[in-house]
Amino acid sequence: LALNGRLPAQSACITVLMTDLEGFTRSSERMSPGALMAWLNDYMDVMVPIVERHDGLVDGYWGDAIKADFGAPEPRDQEAEIEADAVNAVRCALAMGEAMKALIQEWSAAGKPTVRMRIGINTGNVVMGSQGSRERLKYTSMGDTVNVAARLEAVDKESFEAEADPLACRILVSDATRRHLGGRFELQDIGDHPLKGKGDSVRIYRV
């Protein structure tokens, strides 16, 4: 697979899933380093296997955030494959939401901080390949599709913070992803929203 020690760059249509934890920064400031890492790793130990069970590839971590690619590392050339990746990403997000409910209840019972999860999902073309130096390489996807997934996760955070359900998990998908779901999921159209770095508004749906 490698060329001169790197995976060759290639273009592909994939579905990108981005997660973030609401209130993580506030909670982390009140914890010792050891308690913080144990708490965060408890979360990762639950979430990463869910991604893998849904044929996703964990691309990276940024503090409490997880990035997962559905459709990597082998590019898809069939519409049915691209559709399956989008469906897997949403099913993964729903499973992560259910697992998060159990974690919140477990943390609460143990007197640990509790946080809720936001997820953004987008489908489109990316560039995939090895990034970094020869000493430390990382396989990753990049491009506007990835940026939109990250913006979706964070869009209108204030309204989610105002929701009273302590177990809520917000899953937002772009219209680009919706078109590949084939009506398999119940979606709430929440309209067009401007996203940072995008000239045009993006149609967004809540799963």
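I'll go from the overall fold to a few particular residues. One thing to keep in mind throughout: this is a predicted model.

So, what is the chain built from? The secondary structure comes to six helices and eight strands. If you read along the sequence, the pattern goes β-α-α-β-β-α-β-β-α-α-β-α-β-β. The radius of gyration is 17 Å, and the globule rule gives 17 Å for 207 residues, so the chain is as compact as a globular protein of that length. If you like boxes, the C-alpha atoms fill one of roughly 50 × 45 × 30 Å along the principal axes.

How much of the chain is buried? Of the 207 residues, buried ones make up 48%. Now look at contacts with a separation of 6 or more: 67% of them are accounted for by residues 24 or more positions apart.

Okay, let's zoom in on the aromatics. How many aromatic pairs does the count come to? Two. One of them is F24 with W39, and this pair is stacked, at 5.9 Å centre to centre with 0° between the planes. F24 sits in helix α1, residues 24–28, while W39 sits in helix α2, residues 33–53, so the pair ties together parts that are 15 residues apart in sequence. Are these two buried or exposed? The cut-off for buried is under 20% relative accessible area. F24 has 13% relative accessibility, so F24 counts as buried. W39 has a relative accessible area of 2%, so W39 is buried as well.

W39 also pairs with W107. Their ring centres are 5.1 Å apart and the planes are at 45°, so we call this pair tilted. Put together, F24, W39 and W107 form one aromatic cluster.

Staying with helix α3, have a look at V90, which is also placed there. V90 has 0% relative accessibility, so V90 counts as buried. What does V90 touch, leaving aside residues up to four places away in sequence? The answer is I121, V173, T177, L181, F185 and V207. And if you want a distance to check on screen, the C-alpha atoms of V90 and G120 are separated by 9.7 Å, with the two residues 30 apart along the chain.

Last stop, some charged side chains. R206 lies in strand β8, residues 202–206. Is this arginine buried or exposed? With a relative accessible area of 19%, R206 is buried. Its side chain is joined to that of E163 by a polar contact of 2.7 Å. Not counting residues up to four places away in sequence, R206 touches a whole list of residues, including F160, E163, C169, R170 and I171. F160 comes up with another arginine as well: R116 lies over the face of F160, at 4.2 Å from the ring centre.

That's my tour, so let's open it up for discussion.

Technical notes. Residues numbered from 1 in each chain as written. Predicted model: local features only at pLDDT ≥ 70, side-chain atom pairs only at ≥ 80, totals over all residues. Heavy atoms only, no water. Phe/Tyr/Trp six-rings, centres within 6.5 Å; stacked < 30°, edge-to-face > 60°. Helix = DSSP H or I, 4+ residues; strand = E, 2+ residues; numbered from the N terminus. Buried < 20%, exposed > 50% of the residue type's maximum accessible area, 1.4 Å probe, protein only. Lys NZ or Arg CZ within 6 Å of the ring centre and 35° of its normal. Rg over C-alpha atoms; globule rule 2.2 N^0.38 Å. Contact = heavy atoms within 4.5 Å. Polar contact = N/O pair within 3.5 Å; in protein donor to acceptor, adjacent residues only side chain to side chain.
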